Amino acid sequence: MEIRKVVLPNNGNRVRWSWLKKTLLALATLIFLCSNLLFMTPWGSDLRTNLAEMVINTQHREWAWLLVGAAKRDDMVNKMQKQIDVWGVDKQHDGLIKPDTRKRSSGELIKVVDIQDEIHKIPTWRGKKMYVYDPRAIRLVTTSHKQEGEKITDMVKRTGALAGVNGGAFDDPQGLGNGFAPIGFLMSGGKVILTEYDGSVKQHVVGFTKNGILKIGLYSINELIKDGVTDAAFWKPRIIEDGKGLITSGDGGAGRDPRTALCQTGNGTIIFLVIDGRQPGYSMGATLKEVQDIFLSEGCMNAGFLDGGASSELVVDGKLQTKPASRYGERRLPDGFLVFADPSHYKPDNMWDGLTKIDAGGAYDNPGFQQEQANLRTKAAHNSAPPKPTATHKPQVGKELDQSSPAASSKTSPPSVGDSELVKKSPVPKASTSPSPSSTKESTHQESVKKGPLPEASMSPSPSSTKESTTEKLTSGSSSVNDGKTSSANTRP
């Protein structure tokens, strides 16, 4: 009898290949449908524009071209910058504000309430609203550390303040900056702590007069001093002027983001609004128009924004009340607006006085990033170490048992985080005459597109607010240092 070997087909491989083909086909179909929806329908076009606005207001503005193309991205940036300047041009009428100056105890000075989106069935944002009933209790507090910013919780505890929110703009390389490079200017206790520009150059301002009037808009430092402003910082945009909302169509053009905003009602009450964002399932953030609508419903006469994005936070009684979107928790910041039971007790710090160089920091000196990298190196070393061999002993007649076992050792040399390409020290600024308003226009359009995000989350400043590298230009007190080089502001509205 002849025996033949029969080879059956490999049905298992055939089934697996069939499953793979179906998966690839499903993915291709999904990509095709999504592409058509995003690029061939009005709904898709609006969605891409909204997403691009959000990207533009982050550290990665340049990537917005993937959604709308480079030309439209640049156009969106330019239009937003121009619109923000238009909103800030007119001078507000301070006489419309009649502050209630009666003396209040610390328990009567502030009130904090939870807020959330009430328009949509599923809230798109959540946050806190803080009322400050005497605006004269608010001071701009600056970091107490040399070459490093300070967390708002630390500022509040150090100064004995009742509460505090984050303040103005600062240079933030890679989103990992050390918080020691303010953008624009800082005023505290009636003193000009530092400024990038001559006193005649107009910048976007958020500040308070000695009588408790909130000033928001485009003002020069000379004008602020004349109007009695004592505490102020650079930020934008203004969204309410003399009781009139400035955003009359659309959502403000800055997408959804974490926000820190403030307004003043006719009786002088200051309302701080801190909205969490960039946290799917909890809070995505608010639009500029949504913030404006909240303030208008409160009867606010003037309103605008402070730094937003990952910097947004509210601290009360030394405890963080909101959920910052920062990757490593609270950020180190150059300044914040704090509320005091007795503001006269705070004496301004000027950690920039006498410095010829400001290092904005980055990945190489960010504690959170360094710890994260150390954990990754430890994990990599653990995973790469070969297992120690187990000794096997086989007794043999007439011979001693061999008790030795081979020694196993493993050393890894992970790459260092502080590579030279990550360590970008700030150049020493060169003293020169203060720039005229026209000299602030030197920054190219490409710089304003590629660098920091717009003010909230962020728009690069215009002649009146163009961000010149803080690490290259420093003015302590009233003297100005400027090397004539400009770059886009690392700001978010």
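In the predicted model, five strands form an open sheet in the order β3-β17-β4-β15-β16, with antiparallel pairing, where two strands are taken to pair if DSSP finds at least two bridges between them and where helices (H or I, at least four residues) and strands (E, at least two) are DSSP runs numbered from the N terminus. The edges of this sheet are formed by β3 (138-142) and β16 (319-320), each of which pairs on one side only. Residues are numbered from 1 along each chain as its sequence is written. Because the model is predicted, local features need pLDDT of at least 70 and side-chain atom pairs count only at pLDDT 80 or more, whereas totals for chains, interfaces and linings use all residues, and side-chain values use heavy atoms, with hydrogens and water left out.

Strand β15 (residues 314-316) runs antiparallel to β16 and is joined to β16 by two bridges, with V316 standing opposite K319 of β16. Helix α6 (residues 152-159) lies across β3, β4 (163-166), β15, β16 and β17 (335-339), and runs at about 45° to β17; the angle, on a scale from 0 to 180 degrees, is taken between the N-to-C directions of lines fitted to C-alpha atoms, for helices over the stretch in contact, and contact means heavy atoms within 4.5 Å.

The largest nonpolar core has 70 residues, of which I110, M130, F272, V291, F295 and F337 touch the most other members. Such a core is a set of buried Ala, Val, Leu, Ile, Met, Phe, Trp, Tyr and Cys residues joined through side-chain atoms within 4.5 Å, buried being under 20% relative accessible area, exposed over 50% and partly exposed in between (1.4 Å probe, protein chains only). Strand β13 (residues 270-275) supplies the largest share of this core, six residues. Another core, of eleven residues, lies apart from it and includes A161, V315, F340 and Y346. When neighbours within four places in sequence are left aside, the contacts of M130 include I110, V112, A163, V165, F272, L314, V316 and V339.

Strands β5 (residues 185-188) and β6 pair in the antiparallel sense over four bridges, and M187 has V192 in β6 as its bridge partner. Two residues lie between the strands of this hairpin, in which G189 takes a positive phi near 60°. Four of the five residues of β6 (residues 191-195) are buried, and the strand is thus mostly covered.

Five aromatic pairs are found in the whole structure, the criterion being that rings of Phe, Tyr and Trp (its six-membered ring) have centres within 6.5 Å, with planes under 30 degrees apart counted as stacked, over 60 as edge-to-face and the rest as tilted. In one of them, F208 and F337 are edge-to-face, at 5.7 Å centre to centre and 70° between the planes. F208 belongs to strand β7 (residues 202-209) and F337 to strand β17, so the pair ties together parts that are 129 residues apart in sequence; both F208 and F337 are buried. F234 and W235 also form an edge-to-face pair, with 6.4 Å centre to centre and 75° between the planes.

The charged end of K111 sits over the ring of Y131, 5.1 Å from its centre, the criterion being NZ of Lys or CZ of Arg within 6 Å of the ring centre and within 35 degrees of the ring normal. K91 likewise lies over the face of Y219, at 5.1 Å from the ring centre. The C-alpha atoms of K91 and G217 are separated by 7.3 Å, although these residues are 126 apart along the chain.
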